[in-house]
Amino acid sequence: WRGSTSYLAISMDNTNDITAVQFNIGIPNQMKIGDKAFRLTDRASDHIVEARKTRSEDGLDWYLVMAYSPSNALFTGRTGKIVEIRFTMDERVAEGVSLMPVISDGVMSTPDRKNVIQSVETGCISIEYGPDLVLKVDLYLVALESQNNICPQISYQIHRQKDKRPKNFYL
């Protein structure tokens, strides 16, 4: 897994109609982010994703990420990935190391420009190497219409390289 390319998925569970999302994400600097690393998933309509590195601090490279629609179109569906971030793991990262991406200052905007997010929490990525396993991590942004709470979830999708059949684990 060291030196290989993988994806960090940002997912959104929403009961409200959402037209735009914005957040800051601190990526551990052992996870190397290249050009055009941020891409939208099939939940986007005519959305655009823009990301720019804002600073490096305390072992994290911080990015401001915005996913929005010029026509104010809605994200499709109510749950699932909205943005994937391609990264390469530094070859010097030792097994057993825990890396913690951090999401802050999240906004989930409704068509009438109401922010339905109040706070965001993220989890931890534990590095474990095996002969043929790939680790994918989803970080969820969740807004509940009635409570406006954010409930973080992290799901790990692990599959063997040769059969490509995913097995999901949810925390």
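This dialogue walks through how several features of the predicted model above can be read.

User: What should I know about the numbering and the model before I start?

Analyst: Residues are numbered from 1 along each chain as its sequence is written, and side-chain values use heavy atoms, with hydrogens and water left out. Since the model is predicted, local features need pLDDT of at least 70 and side-chain atom pairs count only at pLDDT 80 or more, while totals for chains, interfaces and linings use all residues.

User: How many helices and strands does the protein chain have?

Analyst: Helices (H or I, at least four residues) and strands (E, at least two) are DSSP runs, numbered from the N terminus. In this case the protein chain has zero helices and 12 strands, and from the N terminus on its elements run β-β-β-β-β-β-β-β-β-β-β-β.

User: What is the order of the strands in the open sheet?

Analyst: Strands of a sheet pair through backbone hydrogen bonds, either parallel or antiparallel. As a working rule, two strands pair if DSSP finds at least two bridges between them. Here the open sheet has four strands in the order β4-β5-β2-β8, and the pairing is antiparallel. Strands β4 (48-57) and β8 (102-109) stand at the edges with a single partner strand each, so one side of each is left without a neighbour in the sheet. The twist from one strand to the next averages 15 degrees, where axes are lines fitted to C-alpha atoms, for helices over the stretch in contact, and angles run from 0 to 180 degrees between N-to-C directions.

User: How many bridges join β2 to β5, and how many join β2 to β8?

Analyst: Strand β2 (residues 20-28) pairs with β5 over eight bridges in the antiparallel sense, and six bridges join β2 to β8, again with the strands running antiparallel. Towards β5, F23 stands opposite V65 and P28 has L60 as its bridge partner, whereas towards β8 V21 stands opposite M108.

User: Is β2 largely enclosed or largely open?

Analyst: Burial is judged by relative accessible area, where buried means under 20%, exposed over 50% and partly exposed in between (1.4 Å probe, protein chains only). Eight of the nine residues of β2 are buried, so this strand is largely enclosed by the rest of the structure. Across the protein chain, buried residues make up 46% of the 171 residues.

User: Which residues touch the most other members of the largest nonpolar core?

Analyst: A nonpolar core is a set of buried Ala, Val, Leu, Ile, Met, Phe, Trp, Tyr and Cys residues joined through side-chain atoms within 4.5 Å. The largest one holds 30 residues, and I25 and I85 touch the most other members. Two or more residues each come from β1 (5-14), β2, β3, β5, β6 (81-89) and β8, with the largest share, five residues, supplied by β6. Leaving aside residues up to four places away in sequence, I85 touches a set that includes L8, I25, I33 and F38, with contact meaning heavy atoms within 4.5 Å. L8 is found in strand β1 and counts as buried at 1% relative accessibility; its C-alpha atom is separated by 6.5 Å from that of R86, 78 residues apart along the chain.

User: Which residues form the aromatic pair?

Analyst: Rings of Phe, Tyr and Trp (its six-membered ring) pair if their centres lie within 6.5 Å; planes under 30 degrees apart count as stacked, over 60 as edge-to-face and the rest as tilted. The structure holds one aromatic pair, in which F38 and Y63 are tilted, at 5.4 Å centre to centre with 50 degrees between the planes. F38 lies in strand β3 (residues 31-40) and Y63 in strand β5 (residues 60-68), so the pair ties together parts that are 25 residues apart in sequence. F38 counts as buried at 14% relative accessibility, and Y63 counts as buried at 9%.

User: Where is K36 found, and where is D58 found?

Analyst: Both bear on backbone angles. Most residues other than glycine have a negative phi, and most peptide bonds are trans. K36, found in strand β3, has a positive phi of about 55 degrees although it is not a glycine, and K36 counts as exposed at 78% relative accessibility. D58, found in the loop between β4 and β5, also has a positive phi of about 55 degrees without being a glycine, and D58 counts as exposed at 74%.
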